[in-house]
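Hi there,

Have a look at it first, then read on.

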Amino acid sequence: MISEKMRNMVKNSSAIRAMFEEGKKLAALYGAENVYDFSLGNPNLPAPAEVAEALKSEIDACDALTLHGYMSNAGYEDVRQAVADNLNARFGTDYTVPCIVMSVGAAGGLNVFLKAVLDPGDEVVVIAPFFGEYANYVANFDGKLVVVPPNPPTFQPDVKAFEKALTAKTKAVIINTPNNPTGVIYDENTLNALADAMRAAQARFGTTIYLLSDEPYRELVFGSAKQPYPAKYYENAVSGYSFSKSLSLAGERIGYLAVNRECADFDDLVGALGVATRVLGFVNSPSLIQRAVAKCLNASVDVGFYEKNGAALKKIMDECGFEYVEPQGAFYLFVKAPDGDDAAFCAEAKKHRLLLVPATGFGCKGWVRIAYCVSPATIEGSRASFKALAKQYLN
Ligand code: PLP
């Protein structure tokens, strides 16, 4: 018999699974080209050519024993040095090899971090809307998720509500910018205000509060928008990165954690992150792709492609009269369900062969997420369906 805890996780994950099954059923009925699946954040651009070149050159240059063997749990030293050098050059940080722990994607890194810091009952503060999987990751280690309510229409965090959420039991805060699901970038004022609130809470309670900045969309920033580097605004910060989106390597499972050198209990923390990587069963992040990404740290998919997709989708939303949040990055459009019922809106959308995600699972009832990491043809093809949906809701 499966565990009670797992039973709940299976139950809660069935909505996404149901959506996936629904998509397949609709595709069989109407043809895949007539189903507009905006449900998943799965990149639809190929990995940049540099990745294949780096993979080939690693295979050619390394002896197979070195290439395919175990290494330090935190990853290859030269790879970690390359990551540290790259971050230092770009963001003026002072990372060294021990600061960097290679991870199995952002999800692996988040779980490793939480494993290292959480005792049962410790609180982890997240700001809605947030990536729904955080709830599972925190539950994995018997932590308690504390949700700061969403702050429309800007979706910059409500700092007063954030201050209230911090308690003597707060062990960590997770932020995500550019944000999934809004596409919003937390600006400098926000990052400073969050840091001040955490410092004040640490002083009040005599505790350490870690900031885990989850940054899979760091490189996916549009136009003149700038993503400030969150770890520069707060001492006790760990940045979690993933190559899933910036290099379209979601299936390869590769990312890293970067721990600030001035982070509280630095030696204990980085030691624990390495051990957590092992005891969670990852042992280390995958060897070959680890070596390859070290050679592609300045490469990126064409961000302009996602920006254009976003513009095309916004045009359709404008024609329809749907309200949305202006995205500054990532590849999601956050749209208001006109009557506030996101689940019903998605159910109605499905009747028009549109697959959208209700944001209740992201802690933000009344909104839906449209993932536009799809082909431009899918976006153009969806126009008539969105118009029919708008007719139902807005006329
Ligand atoms: N965090 C956020 C905000 C995400 O959107 C995702 C994936 O969509 C992840 C973490 C997990 O990323 P990875 O594939 O690197 O594990």
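A word on naming before the rest: helices (H or I, at least four residues) and strands (E, at least two) are DSSP runs, numbered from the N terminus. This is a predicted model, in which local features need pLDDT of at least 70, side-chain atom pairs count only at pLDDT 80 or more, and totals for chains, interfaces and linings use all residues. Residues are numbered from 1 along each chain as its sequence is written, and side-chain values use heavy atoms, with hydrogens and water left out.

Let's start with the ligand. Which helix gives the most to the shell around the ligand? That is helix H5 (residues 105-117), with three residues. In total, 14 residues surround the ligand (a residue is near a molecule if one of its heavy atoms lies within 4 Å of it). The closest are Ala106, Asp214, Tyr217, Ser242 and Arg253. By class, the shell has six nonpolar, five polar and three charged residues; here Ala, Val, Leu, Ile, Met, Phe, Trp, Tyr, Cys and Pro count as nonpolar, Asp, Glu, Lys and Arg as charged, and the others, Gly among them, as polar.

Oxygen atoms of the ligand have these neighbours:
- Arg253, with a polar side-chain atom at 2.6 Å from an oxygen atom of the ligand
- Ala106, with a backbone N or O atom at 2.7 Å from an oxygen atom of the ligand
- Asn180, with a polar side-chain atom at 2.8 Å from an oxygen atom of the ligand

On its own the ligand has 390 Å² of accessible area, and the protein covers 91% of it (Shrake-Rupley method, 1.4 Å probe).

Now the rings. The whole structure holds 18 aromatic pairs. Rings of Phe, Tyr and Trp (its six-membered ring) pair if their centres lie within 6.5 Å; planes under 30 degrees apart count as stacked, over 60 as edge-to-face and the rest as tilted. In the edge-to-face pair of Phe155 and Trp367, the centres are 5.1 Å apart and the planes at 90°. This pair links distant parts of the chain, 212 residues apart: Phe155 is in the loop between strand E4 (144-148) and helix H7 (159-165), and Trp367 is in strand E12 (residues 367-371).

Is Trp367 buried or exposed? Trp367 is buried because its relative accessible area is 8% (buried means under 20%, exposed over 50%, partly exposed in between, with a 1.4 Å probe and protein chains only). Phe155 is buried too, at 3%.

Happy exploring!

Terms used
A polar contact is a pair of N or O atoms within 3.5 Å; within protein, one must be able to donate a hydrogen and the other to accept it, and residues adjacent in sequence count only if both atoms are side-chain atoms.
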